[in-house]
Every structure is written in C-alpha cells, then in structure tokens.
Amino acid sequence: MARFKVVPTILKLQFLYFIGERRKKKPHTHVKMFGTTLKRAMLGAGAGVGIGMAWKQQEVSAFWGKQTSPVSNLAAIRKQVEDLLDDRPQYGPEFVRLAWHSSGTYNRKAGNGGNRGTMDMEPESKDGANAGLGVPRSALEQVVKAHPEMTKADLWVLASLISIDAMGGPKIPFYYGREAGKVCPPTGRLPDAAQGQDHIRAVFTEGYGFNDEEIVALIGAHAIGGCNKDRSGFEGPWTHDPYGFTNSFYTELLNKHWEINPATAGTPNQQYQDRETKSLMMLPADMALVKDPVFLSWVKKYAADEELFFKNFTAAYVKLVNLGYDQSKLQVTSDY
C-alpha cells in the first residue's frame, strides 16, 4: 500500500465536531461516526454505506467458526485506539498500512516472514517502503505498554481492524496468537506502486498466494488515505472521502477520466490525475487494474456491489494479516 497523506485541518475539525455530538448521546460508540455520519455531512448520504453495514451486522461466527477472546479488556483497547483516531483521524489509514506492511514481509517460497511486530527494528524500520510508519508505531506504543498480555504484532492488526470498522468498513474477525519476533524478515517483498499487472501478480500471487479477486479486493483499501510525496514520492488522495471505507476506489477508477499528471510525466514517480477535478490521483499499479481484463472484471463487480466488496475484502484481509501463520492454530474473536 502506498503512503498516506496528512488530512487538512478543516476535515479534522469537522470530524471532532461530530464526535462530540455523538458522545453526548451515546458514549464510546462515537467512532462509528468516522466513516458514516461525517461522510454524509460532508458529501451527502449514500446507499452504499447502508449496504456495507448490512455485511458488518451479519453473524460472523457461522462463517469463521468458534470464537474466543484473547483478553477481557478488548473494549479498553478499542477505546484507546478510538481516542487516537479522535485526536488524529489520519491514524486510521496509517494503522491499516502498518498491519499491511508488517504482514506483507511474507514469502511463501522462502516459507518465512509475516507480522511478528519487528518493524521497529532495523533493517525493516529503514526500508523505504515503510517510510512514515514510525508515526503510527509510536502512537500505538502507549497501547502496547498498557497491554503486555497481547503481542505487538496482534495489537497492530487489532488497531487496523478497529480503524476499518470505524471508517465504515466491515467488522473483520480478529485472529490472535502472533509471535513476538526478535529478528526482522528480509525486506523488498512489498509491492511497488510504480509497476504494472505482471509485478502485482508476482508479489500477490507468487509471493503471498492470492488470486485475482483477492488482489483487487485488497487494493480497494486505497479508498482510504492518500500518498505523501516525502514518503512514497507520490502525492494526493484516491477518493474525495479519505476516511470513509467504501467501494469508492473502484467507482472513481471507472467513472473518472484518468490522464498522466504532466508534473510527473517521465519521472520514476509518474502518476495519474482525474481530468474532471485534477484533485485525485491513481498510481500505475492502480491503473493496471483497468488495463488487465481479469482485474477489470473484478473492479466492475466491486464498483457495482459494495456488499460483495466488503465480503471479499474481509476474507482477503484475514488471509493477508495471517500470512506466515497456521490459521487453524490461531484463536479468533469479533468481540472488539
């Protein structure tokens, strides 16, 4: 995943206003406003959110099997993460990127890697693909210290799940039991946003074991956040609502006319801009999804059906954050 852009101050102020109103009415459920009421106030209510929430409210135990709780105070952990989101909304996409990049160190041919909470060690911490991730790691350190019963790897994943739920996305089952690593996995295994479909399949299929529908579902997380030039070399958001987890990445990709941003033409960081507003961007790896006919078929399906996107993203994200582990030996809960 690419690097996320700092949100404008006015967006944060609007977010905090709605959080305050929510707290007056119903304490500790305010985070739900992150991707729903705030988005509606700014952009107008959309039917897609309602469809997505229907998937969130389904009984997940029938699909994911027996569920147990790792600790008795998951609600306290959630409250701490929510407080961080209140203070700085851009933590939401950053927590997702942190869990993503920690898990994306896996390689199935080598049979090693995966999230073991080692990104604060060198050389993983110095990997250019992880530029800027010291910010969310530092923010979560207070939560890590407050909950020694949970490994750092587990907590990073849990923070990402809370953030996705908070931004209006699906409530994804939390598998736990990850190890506390002492040695970093090899670097250079994460996808390169400047590459096309062959590279995408080399990383996601050969390296991680994902099929095409899973690949396109995972890249749909580009609905949130944005790129920051001093981290990735790219700049800008993918959507007009960088804190709403919806299927908007796909609808923007299909409905806008995309052209090379002339300021980046011919550079290693060439990116695309929408012709209509020139305020959104797409990466070469994003554009590969409409150039490849199989990828494109899934883009169209997810653009037309947010519930399908949520369902497939949930399954693919669980698989992603569990890379490097025997999932049958992990425990699972949705009670967070």
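The following conversation goes through a predicted model and asks how some of its descriptions are reached.

Reader: How many helices and strands are there in the chain, and how many residues does the chain have?

Author: The chain has 15 helices and 7 strands, and of its 336 residues 56% count as buried. Among the contacts with a separation of 6 or more, 73% are between residues 24 or more positions apart.

Reader: Why is D154 called buried?

Author: The relative accessible area of D154 is 5%, and buried means under 20%, so D154 is buried. This residue has its place in helix α8, residues 152-166, and, leaving aside neighbours within four places in sequence, D154 is in contact with F174, Y175, Y176, G177 and R178.

Reader: What makes Q331 partly exposed?

Author: Q331 has a relative accessibility of 42%, while buried would need a value under 20% and exposed a value over 50%, so Q331 falls in between and counts as partly exposed.

Reader: What makes D292 and R201 a salt bridge, and which parts of the chain does the pair link?

Author: The closest N and O atoms of D292 and R201 are 2.9 Å apart, which is within 4 Å and therefore meets the criterion for a salt bridge. The pair links distant parts of the chain, with D292 in the loop between α13 and α14 and R201 in helix α9, residues 197-208, 91 residues apart.

Reader: Why is the pair of K278 and E259 called a salt bridge?

Author: The closest N and O atoms of K278 and E259 are 3.8 Å apart, and the limit is within 4 Å, so this pair is also a salt bridge. K278 lies in the loop between β5 and β6 and E259 in strand β4, 19 residues apart. E259 has a relative accessible area of 24% and is therefore partly exposed. A search of the whole structure finds 15 salt bridges, and R78, E82 and D165 are linked in a network of them.

Reader: How far from D286 is the nearest side chain of opposite charge?

Author: That side chain belongs to K291 and is 11 Å away; a salt bridge needs a distance within 4 Å, so the buried D286 has none. D286 is found in helix α13, residues 284-291, and, not counting residues up to four places away in sequence, D286 touches I219, H222, W238, F249 and L253. F249 and L253 are among the buried residues of helix α12, and the buried residues of α12 pack against α13 and other elements, including α10 and β4.

Reader: What lines the largest cavity, and how much space lies in it?

Author: About 40 Å³ of space lies in the largest cavity, and the search finds 1 cavity of 30 Å³ or more. The lining residues include G104, E124, D127, P185 and R189, and by class the lining has 3 nonpolar, 5 polar and 3 charged residues.

Note on methods:
Residues numbered from 1 in each chain as written. Predicted model: local features only at pLDDT ≥ 70, side-chain atom pairs only at ≥ 80, totals over all residues. Heavy atoms only, no water. 1 Å grid on protein atoms, 1.4 Å probe; cavity = no way out; pocket = protein on both sides within 12 Å on 5 of 7 lines; lining within 4 Å. Points joined across faces, edges and corners; volume = space filled by probe spheres on them. Nonpolar A, V, L, I, M, F, W, Y, C, P; charged D, E, K, R; others polar. Helix = DSSP H or I, 4+ residues; strand = E, 2+ residues; numbered from the N terminus. Buried < 20%, exposed > 50% of the residue type's maximum accessible area, 1.4 Å probe, protein only. Lys, Arg positive; Asp, Glu negative; His and termini not counted. Contact = heavy atoms within 4.5 Å.
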